[in-house]
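Please take a moment with the sequence and the structure before we go through them together.

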Amino acid sequence: MAAWTWRFEKADGTEVQPAVEPDEFTTQGDAESWIGEEWKALLEGGADQVRLFEDSSEIYGPMSLHANEA
C-alpha cells in the first residue's frame, strides 16, 4: 500500500522539522486534507513550503505555505 508523506522546507529548499508532526497517510486526499488544516501552524513553526510524495516519488511541490503566494 502506498504511503503519502510531506517534506517540509524553508524557501531555499532546506528540509526542516515540522511544527506539527504528520501522520502517515494512506491516500493523497487524506494528506491534502491534513495540510489544509495544519498549514498555518506549519508556517508559524518555520516551514515555508511543502512537497508531497507517494512512497519515494515526488507528486508535486514545492507548494508555498504563504497565503499571498498560493
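Let me begin with Glu-9, which belongs to strand β1, residues 4-9. Helices (H or I, at least four residues) and strands (E, at least two) are DSSP runs, numbered from the N terminus. What we are viewing is a predicted model, in which local features need pLDDT of at least 70 and side-chain atom pairs count only at pLDDT 80 or more, while totals for chains, interfaces and linings use all residues. Residues are numbered from 1 along each chain as its sequence is written, and side-chain values use heavy atoms, with hydrogens and water left out.

Is Glu-9 buried or exposed? Glu-9 has a relative accessible area of 1%, so Glu-9 is buried. Here, buried means under 20% relative accessible area, exposed over 50%, and partly exposed in between, with a 1.4 Å probe and protein chains only. Leaving aside neighbours within four places in sequence, the residues in contact with Glu-9 include Thr-14, Val-16, Ala-47 and Pro-62; contact means heavy atoms within 4.5 Å.

I turn now to the salt bridges, of which a search of the whole structure finds five. A salt bridge is a side-chain nitrogen of Lys or Arg within 4 Å of a carboxyl oxygen of Asp or Glu. Glu-9 pairs in this way with Arg-7, the closest N and O atoms being 2.5 Å apart. Arg-7 is partly exposed, at a relative accessible area of 24%. Glu-9 also meets Arg-51 in a salt bridge of 2.7 Å, N to O. Because Arg-51 lies in strand β2 and Glu-9 in strand β1, this pair ties together parts that are 42 residues apart in sequence. Both Arg-51 and Glu-9 are buried. A network of salt bridges links Arg-7, Glu-9, Glu-15, Arg-51 and Glu-58.

A further salt bridge joins Asp-48 and Lys-10, with the closest N and O atoms 3.8 Å apart. Asp-48 sits in the loop between α1 and β2 and Lys-10 in the loop between β1 and α1, 38 residues apart.

Finally, the nonpolar core. The largest one has 13 residues, and Trp-6, Phe-8, Trp-34 and Ile-35 have the most contacts inside it. Such a core is a set of buried Ala, Val, Leu, Ile, Met, Phe, Trp, Tyr and Cys residues joined through side-chain atoms within 4.5 Å. The elements giving two or more residues to this core are β1, α1 and β2, and α1 gives the most, with four residues.
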